[in-house]
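Here are some notes to read alongside the model. Please keep the view open as you go through the points.

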Amino acid sequence: MSQVECFAHGFGYQAFVCEHLMSNPAQQWFSDTPSEENKWRDAWCQACETVYQQNEGWNDVSGSKVKVRLLCHRCYESLRSQSKE
């Protein structure tokens with residue numbers, strides 16, 4: 001797993017979420033199931049899930065419509081703990 005330097009937490013594993021989850025984590029999160037190799041799966045919101053479904057998955061078209069943000073795994077866990085799942 002790749003690492004990233006976080007202002008708040010120092011070094012941590014990289015994780016990616018859509019901009020909507022960054023600004024409002026208290027909503028439903030969509031992602032693949034975590035695994036031993038990747039505990040912090042890329043995550044997106046309902047609006048981005050609609051884009052995902054309309055384009056039959058992540059591809060150049062759907063990817064161009066979603067803004068993704070990089071964060072450390074500790075920030076990811078903190079945000080995800082606020083989700084409505």
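This is a predicted model: local features need pLDDT of at least 70, side-chain atom pairs count only at pLDDT 80 or more; totals for chains, interfaces and linings use all residues.

1. Residues are numbered from 1 along each chain as its sequence is written, and side-chain values use heavy atoms, with hydrogens and water left out.

2. The structure has five aromatic pairs; rings of Phe, Tyr and Trp (its six-membered ring) pair if their centres lie within 6.5 Å, and planes under 30 degrees apart are stacked, over 60 edge-to-face, the rest tilted. Trp29 and Tyr76 make an edge-to-face pair, because their planes stand at 90°, with ring centres 5.6 Å apart. Trp29 sits in the loop between helix 1 (19–23) and strand 3 (30–31), and Tyr76 in helix 4 (residues 73–80), so the pair ties together parts 47 residues apart in sequence. Helices (H or I, at least four residues) and strands (E, at least two) are DSSP runs, numbered from the N terminus. Trp29 is buried too, at 4% relative accessibility.

3. Which residues of helix 4 are buried? They are His73, Tyr76 and Leu79. Seen down the helix axis, the buried residues fall within an arc of 125°, so they line one face of helix 4; the arc is that of the directions from the axis to the C-beta atoms.

4. What covers the buried residues of helix 4 includes strand 2 (10–18), helix 1, strand 4 (43–44) and strand 5 (68–72). In helix 1 you will also find Ser23, which is exposed at 63% relative accessibility.

5. The largest nonpolar core has 16 residues, and Trp29 and Tyr76 are among those with the most contacts inside it; such a core is a set of buried Ala, Val, Leu, Ile, Met, Phe, Trp, Tyr and Cys residues joined through side-chain atoms within 4.5 Å. Strand 2 gives the most to this core, with three residues.

6. Finally, look at Cys48, which touches Cys18, His20, Trp58 and Val66, leaving aside residues up to four places away in sequence; contact means heavy atoms within 4.5 Å.

Note on methods: Buried means under 20% relative accessible area, exposed over 50%, partly exposed in between (1.4 Å probe, protein chains only).
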